[in-house]
Amino acid sequence: MMRPGIALLVLACLAVAGCGGRAAAPRGPEPPRPLLGEATRPALPAERLGEARAALARGEYARAADAAREARALNPSLVEAWRVEARARQALGDPAGSLEAWERVISLSGGDPEAFRAYAALAAGLGRAEQARARLREVRPDGPPSPALAATLGWLALRTGRPGEARELLEAVWASGEAGRYAALVGRARLLAGDPAGAAAAADRAVEARPRDPAGWTLRGDAARARGLLAAARSDYERALAIDPGHYPALVNLAVTHLDQGDLERAEARFRRAAEVRPGRPEAWNDLGLVLRSRGRFREARDAYLRALEVDPSFAPALRNLGICLEKYLGDADRAVEAYRRYLELRPGDPEVPRWIKAAARRKEEAR
Amino acid sequence: MRWGTLVLLAALAGCAGAPVGSGPPVPAVPPGDTGAPAEPGPSLEDATWQARARLEALRSVPSRAPRAGELIRRYEALLSRPGTPEARKPEILLRLAELAYREEEAALQRAYAGEEPVSPAERYRRAVGYYERLVGAYPGSPQALTAYYNLGYLYGERGEWRRSAEAYRQVLARDPRTPYGDEIHMRLGEAAFDAGDLDEAVAHYRAVAEGGKPEYRASALYKLGWCYFNLERYPEAVEAFHRVLAGGGGSPEDLRRETLEVMAKTLLDWGGLRALRGYLEDHPEVRAQGPALHLLLGDLFLESSRYPEAVEAYAAGVEAYPAAAECLAMERGIMAAYRVLRDVEGAMERRESWPARYGPGSPWDRAHGAGPLGAERDALVEEGLRLAALYRHSRAQRGQGELGRALGLYRTYLEWFGDRTEEGYEVAYRYAGALREAGRLREAADAYRRVAENPSQAGHREDASYRRIQVLARMARDDPSLLDELVAAHEDYVRLNPGSPEVPRVLLDEGDRLLEAGRVEESLGVYQRLAAGHPGTPEAVRAAGRIARCHFRLGAYAEAEAAARAALGKGPPADEVPALRDLVVYSVFKQGEVLEARGLRAEANRHFLRLVEEFPRSEAARIALYRAAENLRALGREREAAGLLERLARLHRGSDHARQALLLSSRIHRGLGDWEGVARDLEELYRMDPGARGAADVLMEAALARERAGDRAGAARLLAAFAREFRDDPRVAEALYREGLALEGLGRTAEAEGRYLRAWETGGDGSDHARARAALALAALRLRAFRRVELRGDLAERLREKERLLEEALGWLTRAAGLPYADVVTEALYRAGEAFEHMKEAILRSERPRDLSPAELEEYEFLLEERAFPLEERAVGFYRKGVRAARRWGVYDPWVARMYARLEDLVPWAYRRPEEPAVVSEVPALPAPGGGGG
């Protein structure tokens, strides 16, 4: 601690120093004064873009977004400014802003693989896959799309339930020499289009290209299962789970395979694990209901179906299975009919369920 | 030399110089002795001087001196000569008396030498005669005084005391101032004393004591004291003696000593110690004589057997004069008195006081410790302390005293005298023992160590070494930290007593203690030393076993086994043989266990099985068998494992272990699906003790295992045994039912039916399910017969038979379903439905009559269908009933599933409901641009 005498001396010195003509001590380093004439020159878009890139590289996304916005405000056709802004906004958790910026990139430049992928992914995430598909289909209306664009369109077709279109687009990509990169996508398209053998070939290529990707192994399992090769399918799913024990598709599909093989115990365990891993997905609960029904635990089965519907009220398989369980095994015709009706709302073209509704009514009469 | 003799010699000396020509000198008449009244005589000193001078003259002329006889004749002649003047005759007679005395004295000396006897009456006869003639004839002559004096003396020599006294009295009467007065009084006093006239003696002695010459006074007082003593006038006696004692240097030493003695005697008679104390208080000037007087008084008491008073006197002396030289003598006196009194306690008490009285720093020690008495004191106290300590110790050992007292004495002794002497060494040894007996073990151990290590003495070395071990062992029981010292004590024993036959035992004990403390390596070293250094001893043999044990505890099991076997080969004591055998067993077992822990199970089993072969009946063998079995199981050799367990069961047949082994073995067989093995083990288990608790379970399980093994005959046998042996068991119905199944499987349907019926008829709680199953079995038998009936030939008859069998079957199914078991109910309903479906099919496929026209055949077909379809309705009814019952009870079994399946076929609109599983078909993410995999 400073002694009082010394403190007074210091204060005196400071007082003397304060008499030197300056009003106050400076608060921080001042920026260098601009040279004569420079201060009046407006900022260039390139300079702003440079600042934006630097900020992005440093992880200063807000600053990057601002600088990029200034740059493209100065020059709206500056594609790179839009790109930097898109990246920055995506990093900032602003998918809509990012989507808009990417769209401008595609509009201005005709697109590139990064822009297509980012745009499609963001759109799908925002539930605008259809929009994106339509927008991208306009990019090259006259000629065949580039492999990147075709792959993106194929992907969007799969996401929007157009396996035929997807397969067509992706087979072109497959033939263009990009088979390895897009093998999983191609395989899924083939499988959904009813070509399990082709799917298996693509899946082989996928796991060869990316052996640590559980999705490739799951695809291969799905292809094998579709071909009736249940042991092979089980093996592939187990490979996927070895890589990622919580891989939901592999867990569910492996459990379904167990169910197909009559191994109800294992199937139940896998379904329960899957439901635990992804409680927001209905498939595992639905299939667990099937296992429980097969084991004669009808009430538990009913509860599992209800749980699936709780997660996803529009999950039609669960409504169908719930109706069967109620009608056939629990003798609750009224509620069964209700379930069937809801099912028909989702799948109005189903030919069987209307007859079941009638049968239920008749059995109800018979019971009386 | 007495004064009288001296005077006589003086007289003789005077005679030698007498002028008698060439003859012997004639005694000269004293100057002035011419017949005139005698002048006072010369002093005794003068007389002595003259006597010496004359004697010298006689000696210087012996050759020329005439013989005494010749002189006597000459003087006799002169006396009888007529011309001899009368005045000279006294002188001549005196001379003659002197010469006669010389001759008679010489004769007397010869007589004393044994040459010739002389009677008292003959002594000095002639000399006395001459003196008597002189005093008789010339009583007034100056020589008469000398003659009387010499007569007094010679009479006394002849024992004529009265005449002697009379002669002396004549001297005094004639010359009261005679220089011989004191002597004469003394002689008269003695004469009176001897005559018992003590009063007269007192008068004579007092005369001298009061006015006599100084040289006579002490003696006179001494004599006077005696007189008073004899007169029992003790105060006067004490006073007289006191004057002797107080006389300073005037009293001869021997007289003073004698006076002390008689003073003590006087005090003894006057009142003993009390008188002595009074005397000393009254006469402080003789305090220096106090110790001697106490000592003498004590001695006198002692001599007079008055021992307590002797002790008192001695003790008082010591108390009053603690620094006196006489103390030691008094202490000895005390001891002597106590000894006679046999008062050991008193003696010991006294001895115990000695260190304080005479020890270093005490007044006595300061006065005499460095002098010659110091050694005397040391000897006395050394013995006294030693005896006292030993006495106290022995009393304490008998429970008659405090050990602490003995310990204090021992300690004092050792501090004073040390332990280097033989006695000190003994005391040190005893001291150690006393410490041990007092429970002061720490000090005892140290004391024993000092005894054992004593470089000067060795008599107790071995014993002290050994007792030190014992003491430390006791201490170590409560304080394990003393183990090191205890071990050192063992080592010291061995070092100090290398030739002792106890060395092996000590080494064995040392090893045992180390072993017990868990210091196994050290104990092993000791045992090995013992074995190598003392081979052939019993301890070496025991050490061999201990060596094995050490190896075992160190985990060197192979060495332990070898050592234990070697020890067994040396003929160990019978009590050690079982332990050594056990050690071999455990060592082998442990070798296996170690390998097992390392995962070397096959190698481990080599040891386990070796153990089993060599010691099949041992407990370890049982465990080894078990462990070997476990290892085999771990190696996947389950069947061999079960074999070992069965072997275990055989070896220990009837034991719990056997039962456990068989149970485990049966489980292994069960795991292997070897139901034959399961059945075999359980049957064996049952046979071991059919009356055991749980025997029914075992038998039933064995039967079920036979059943599963496909051994229907065996199953039937065991189930029959069950029904027979355990009549009250609720599973009797089940046993009968299962026996029926087995028999049915063997084709012995009739017997089977009998068992089913018995099962059905068996009552009792818990048997209903089996009864229901039996009813189902009976129904199944009927249904089998029912199916065998084909509707061909005599259709009506066949149909009746088939319907009868169906009715019977339905009856049993109904009975079965009447019991509340869901599985039975569902099966019964399914079988009923199935039977009706069969009936329907049988009717539809029945043989058609051959002689029917096409129209009749069509009509016939129609009738058949009409009859058949209600049967299907009945089947559906049973199925529906079944699934409703299942739904109601919440059961789902294969019969229910079958019924659902049949309903899906028979009533598809109502029951066929395909479910929809959901698979997950996820669209993979779009690959990143420029990513790998191209």
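1. A word on terms before the helix pairs: axes are lines fitted to C-alpha atoms, for helices over the stretch in contact, and angles run from 0 to 180 degrees between N-to-C directions. Helices (H or I, at least four residues) and strands (E, at least two) are DSSP runs, numbered from the N terminus. This is a predicted model, in which local features need pLDDT of at least 70 and side-chain atom pairs count only at pLDDT 80 or more, while totals for chains, interfaces and linings use all residues. Residues are numbered from 1 along each chain as its sequence is written, chains are lettered from A and ligands numbered from 1 in the order in which they are written, and side-chain values use heavy atoms, with hydrogens and water left out.

2. Let me start in chain B, where helix α25 (residues 503-516) packs on helix α26 (residues 520-533) at about 165°, their axes being 7 Å apart. The two helices α25(B) and α26(B) are therefore roughly antiparallel (angles under 35 degrees count as roughly parallel, over 145 as roughly antiparallel, 65 to 115 as roughly perpendicular and the rest as oblique). Their crossing is left-handed, meaning that the near helix is turned anticlockwise from the far one by less than a right angle (right-handed if clockwise). Residues in this contact (heavy atoms within 4.5 Å) include B:Leu507, B:Leu508 and B:Leu514 of α25(B) and B:Val526, B:Tyr527 and B:Leu530 of α26(B). By class, the contact of α25(B) with α26(B) has nine nonpolar, two polar and four charged residues (Ala, Val, Leu, Ile, Met, Phe, Trp, Tyr, Cys and Pro count as nonpolar, Asp, Glu, Lys and Arg as charged, and the others, Gly among them, as polar).

3. Also in chain B, helix α3 (residues 68-80) and helix α5 (residues 125-137) have axes 14 Å apart at an angle of about 25°, so α3(B) is roughly parallel to α5(B). This crossing is left-handed. B:Ile72, B:Glu76 and B:Leu79 of α3(B) meet B:Arg126, B:Tyr130 and B:Arg133 of α5(B), giving three nonpolar, no polar and three charged residues.

4. Over in chain A, the axes of helix α7 (residues 129-137) and helix α8 (residues 147-159) come within 9 Å and cross at roughly 150°, which makes α7(A) roughly antiparallel to α8(A). Here too the crossing is left-handed. Among the residues that meet are A:Ala132 and A:Leu136 in α7(A) and A:Leu149 and A:Leu153 in α8(A).

5. How many residues does each chain bring to the contact of chain A with chain B? Chain A has 57 and chain B has 31. About 3800 Å² is buried between them, with 56% from carbon and sulfur atoms (accessible area, 1.4 Å probe, that two parts lose on being put together, summed over both). A:Arg117, A:Arg181 and A:Lys328 supply 19% of the area that chain A buries against chain B, more than any other three residues.

6. Lastly, the rule finds five salt bridges across the interface of chain A and chain B (a side-chain nitrogen of Lys or Arg within 4 Å of a carboxyl oxygen of Asp or Glu). A:Arg293 forms a salt bridge with B:Glu915, with the closest N and O atoms 2.7 Å apart.
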